[in-house]
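This report describes a few local features of one protein model.

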Amino acid sequence: MIAPTSNRPVRQPFAAHRTRAVLGACLLAALASALAACSRDPSASASDPAPLPAAAAPDLTRTYHFESGPVRPLALSADRKRLFVANTAAGTLDILTVDDDGLRAEASVPVGVDPVALAVRNAGEVWVVNHLSDSVSVVDVASTPPRVRQTLLVGDEPRDIVFAGPQRQRAFITTAHRGQQRSSPDLAGVPGAGDPQLTTPGVGRADVWVFDAERLGDTLGGRPLAIVVLPGDTPRALAASADASTVYAAVHHSGNRTTAISSHLPCEGFDNDTPCTVNGQTVPGSALGPGANGAGVPAPAVGVIVKADAQGAWRDGRGRDWSSLVRFQLPDDDVFALDAQTLETTARFAQVGTTLFNMAVNPRSGAVYVSNTEARNELRFEGPGRFAGTTLQGHLAEARITVLSDSKVVPRHLNPHLDYDRRPALAALRGRSLATPLDMVVSADGSTLYVAAFGSGKVGVLPTASLADGHLDPAALSAAYLNVSGGGPSGLALDEPRGRLYVSTRFDNGVSVIDLGSRRERQHLRLTNPEAAVIADGRRFLYDATHSSSNGEASCASCHVFGHTDQLAWDLGNPDAGVTSLPSSIKFNLAAMGSRVNGTGNVGELHPLKGPMLTQTLRGLAFHGPMHWRGDRAVGVFGTDPSVGPPFDAFVSFMNFIGAFEELLGRADPLPAADMRAFSDFSLAIATPPNPIRALDNSLTAAQARGRRFFMGCDGLDTRSGAPVDCGPDQRPRGAGHFSDQAPLPLSLPVAGLGFSCEGCHTLSPADGFFGTNGQSAFETLSQTFKIPGLRALYDRVGMFGVASQPKTLDGDHRHQGPQVRGFGYSHDGSVDTVFRFLQLRIFDSAQGGLVGFAQGDAQRRDVEDYLFAFDADLAPIVGQQITLDEHNAATVAPRIDLLRARARTPFASRLTGGQATECDLVVTGVIDGRAVRFVMAADGRYRRDDGAQELSDDDLRARARIPGQALTFTCLPPRRAPAGLAVSPQATAHPAVQ
C-alpha cells in the first residue's frame, strides 16, 4: 500500500501534524502481497458480458486447495515394467503396470499432502516429494502391497529430487530456505542447518538438502549430510549429469535484474530529465510519463522500475542511471552446478530466465536444458497502446528453453513466429505456440528434446541441433508437436524401446500414452481425483494460453505462477482508460483534503496510471472483498459491490477481472461469462499454506509474543489514562490501548483516542477470515488510495536488503549491501527492502511521552517484525506435517506423534474451515496384516478404520506399527477438507478415459 508522494510538496489540511496522523497504523498495509489477478482498469472493457444468474458460491470448507505446481510427477522403473505417478490431487504415489497393451492400474500408496515430484532409487524404492507436508516419503515398491517405509522431514515446500554421487547413493532435494525442521536441534552440527536468518543481508534463500540414502540416520525425520545454501530466491528444479558426478540446481523465482525506485524519490513531474536533490541524494529526474491519461486527467506520483544493464548500471526506460539510489547488486545467478561428492559449487549460470521450471541433461553432449519464461516487466502498460504508444498486451513473458553448455548461456524463444505488434494475433499462429514449458526429457541419442507445454495442451518435439544453432521454426516444427487430451501436460517419461511417451495431465489428473511413430495418443487414464468439481473445472482458465490469448503464449499464470506470484513488480496502468470510482469504504478519507491524492485530489477516484505494483498472489482471496492493491475491482462489468463495510463481495470483484483477458492477455474476444464464473470459483478456493516460521504447536516465541502485544495495542501505556494497558483474554485492549498514532484536529484542538493500534487497520479475526485486512481502504500522505492488504506470508518476500534514504523514513543504515537474491521487497511496489525498514517510517516513531508509537525504539520494532513473519493464517502450522513409526524408531518419533495427536484435538477458529474446527484431521496409513489400511483419529483419541471394520486405541495402533513390515505414517491433513487430502482407496486408481 504505502505510496506516498515523491519529493513534490503535498498540501495537507493540518500540515504540522501530518507526519504523525490518524492513519499511521494503516501503512502496515504495504507489507503484504494479498490480492489480485491480471491487472486492468474495469472501465476499459471491450464489451460488457451479460450478468450471470445468481448461483450459490462453493463451500470453501470442502473445496479449498493449494495449487502446488507439478515438478517431476512421472518416472519409469529401470526395467520399464512400471510407471510411477505423483498424484498431487489425491496425495498418493500411483503405480501403473506397463506392458505392450498400455497401462494398467496396479496400486496406490498414500504419501503426503500435495506430492509434486518423485525419483526411482532402485528396483525396490521410490522417493516422493510432498510439497505441503515438508517431507519426502521413502516408498518400498517391492513389497506387496507397497508401503511407505520412512518419512524424511525437510525444509519448507520441497519441490524436486534427484539421485547422484557415487553409485547414485545421495538424494538431493530442493526446499525454500525456511521451515521448522531446518532449525531442529536434531540437526545440530549439520552444515547449513539452523536459523534461516530472515533479517540478515546476503543470505541465500535456496536450500538443497543432501541425504545419504544408505544412512538416513536415527534422528526424527532423518539426518542430512548437509544443507547446501545457494544465493537465490527459492529453488525448484534439479538435474544430474549422465555420470551422476554433477548436480544442477535451478532457482525458481530468479528475477531479471529489475527493482523499483520508491515514489518518494523521483523529481517533480513526469518525463523531466533535470536532476534534483532528495534527502541529500542526486536524483536523475522525474518519473516516466505520460503525466496524464488520454483524457488529460493528471496522474498521481509513482515510482520507477529500473533494470541493471550489462555494466551493472540501474537504468529506466529512458536510459537514465539511478544507480546512486539502488544500494545492492543482483548477480542473477540462476543455475548452480554442484559436485555431487564434495557439494562445492563448480559453476554458476546467470540470466537463464526470470521464472525457471525444469531441467534436463543431454546424455550425449552434456548440455543442460532449462525450461523458463522471461518477464518483460521493465516495459509498461496494458490496453491498446494508442495514447502512450506502448503496451504489454499479449507479451508479458516469453516461453523459452535456455541451453547451458560449457560456460555459455543461450536462451531460445519457443515462439519466434509471433508478431507481438499484431493484436489480436492471426488465429493460425496460436496452434504453433508453446506456453508455460515444464518437464523435459531427451532421447537416448541426444537428438530430440520433448517439452511439456503446460499452457498449450501439447508436447513440443524439438531437435537439439535447432536449439543449439537457434534455427527454431515453429511453422515447420509444430507439425510434429504431440497433442494430449486431458489438458495441462506436466510430466514426461520416455519409453523408447516401445516407441512411447507417457504424459501426466494435471487438468484432468490423468496419464496419456503417446505413440511416437504415429504421433497419436493411444490411451488416456484418469487417476483418482478427490478434488471438487469447481477446482478441476476451473483450473484451465489460469493456465490455458490457447483459451486466454490470441497468440497462445499469454495466460494469467504468466505472472501468477501456479496461482501465486512471479515476485516482480509491473506498471500495468492503461493510459487509454478513464478515471474510475472506488465504492468501498475508505478509512479517514478526510485526510486527503487539499492533497493531490490519486492525481485528482479525490480520495474516491482511481487513476488508470498507477505506477509499479507487485504481482499479488491468488492465495487467500476468498474473504477479502475488493481486489488489487487499490481495490479497484469492486466495480466493473459484472456490477458493483454495494457493501459499505466488511464483509465485502470477493466474488463480484474477481468476476470483474474478465476484461484482463482482452486488455492484458490479448484475447481476441470477451471470455464467456460462464468461463469467468468457473475461473472465479477455482481461484477463490486457493488457500494460503501454513506459516513455516511459526512453531508447530502454534505458539509464539517471547519476541513474537511481545510483537503481537504491540500489534494489538496491548503493550505500553494506555493512550487516555497513561496507566499500563489492560487487555482481556481475547488479547485486545479493554480501554483505549497503546495507540501507534494519535491525531490532533484542526485549530489545535487535541482530542486523544482517535488513533489506533496496528490491528485497527490490519484486522485480525480468523473467524471472519481476516488476517491483516477486512477489505477496507485507506489514505495517509500517500499518492494513491490503497486497499489495506493482509499480512500473511511476509516471509515469502525476504531477500532484498539495501535502499536509499527517503523523506518519510527515519535515518538508518543506507550503506550498499552488496549482492542480494531479489529485487523487490515490501510495499505496493516492492521498494521497501525489509519489514524492519518499514517500521522505521516516521509516522511510527515514538511520541506523546511514549503513549504512541515505538516507545522502546528499534528493539520493539524487531519484536513486531518477528511477529509479522509468524503472523496468523487460515491454517495451523501443523497442517501437512507427518512422521512414520516403525519397529526401530518408537522412542524417537513418539513425541512427534503426541504433538500431532494434541494438535488434532486443539480447537482452531478459521472461516476457511467452517468456524470452529480442530487444527488438523489426523490420519494413519500403512499396511497391517498384509492389507493397506487407513485410520482416522476420532475426537476421543481412538482410531477408526475408514471402512468401519476396525477400531484401535493409540497404544494398540502404535504396537501394530512396531511389527516388522507394518510401518504406519501419521499425517495431519488439512481440516474438514473433503474428500481428505490422501486417497481413501489403496487399490487400483486408474481407468480408461472415454475417447
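## Helix H14

The model shown here is predicted. In this model, helix H14 covers residues 890–904, which is 15 residues. From the first C-alpha to the last, helix H14 reaches 20 Å, close to the 21 Å expected at 1.5 Å a residue.

Which residues of H14 are buried? They are Val-893, Arg-896, Ile-897, Leu-900, Arg-901, Arg-903 and Ala-904. An α-helix has 3.6 residues a turn, so residues three or four places apart point the same way.

## A three-stranded sheet

Three strands make up an open sheet, and their order is E15-E20-E21 with antiparallel pairing. Strand E15 (258–261) and strand E21 (314–315) are at the edges; each has a single partner strand, so one side of each has no neighbour in the sheet.

Strand E20 spans residues 304–308 and pairs with E15 in the antiparallel sense over four bridges. Thr-258 has Lys-307 in E20 as its bridge partner. In general, the strands of a sheet pair through backbone hydrogen bonds, either parallel or antiparallel.

## The loop at Ala-855

Ala-855 lies in the loop between helix H12 (835–839) and helix H13 (858–869). Ala-855 counts as partly exposed because its relative accessibility is 42%, and partly exposed covers the range between under 20% for buried and over 50% for exposed.

What does Ala-855 touch, leaving out residues up to four places away in sequence? The contacts of Ala-855 are Ser-846, Gly-850 and Gln-860. Gly-716 is 139 residues from Ala-855 along the chain, and the C-alpha atoms of these two residues are separated by 7.9 Å.

Notes: Residues are numbered from 1 along each chain as its sequence is written. This is a predicted model: local features need pLDDT of at least 70, side-chain atom pairs count only at pLDDT 80 or more; totals for chains, interfaces and linings use all residues. Side-chain values use heavy atoms; hydrogens and water are left out. Helices (H or I, at least four residues) and strands (E, at least two) are DSSP runs, numbered from the N terminus. Buried means under 20% relative accessible area, exposed over 50%, partly exposed in between (1.4 Å probe, protein chains only). Contact means heavy atoms within 4.5 Å. The expected span of a helix is 1.5 Å times one less than its number of residues. Two strands pair if DSSP finds at least two bridges between them.
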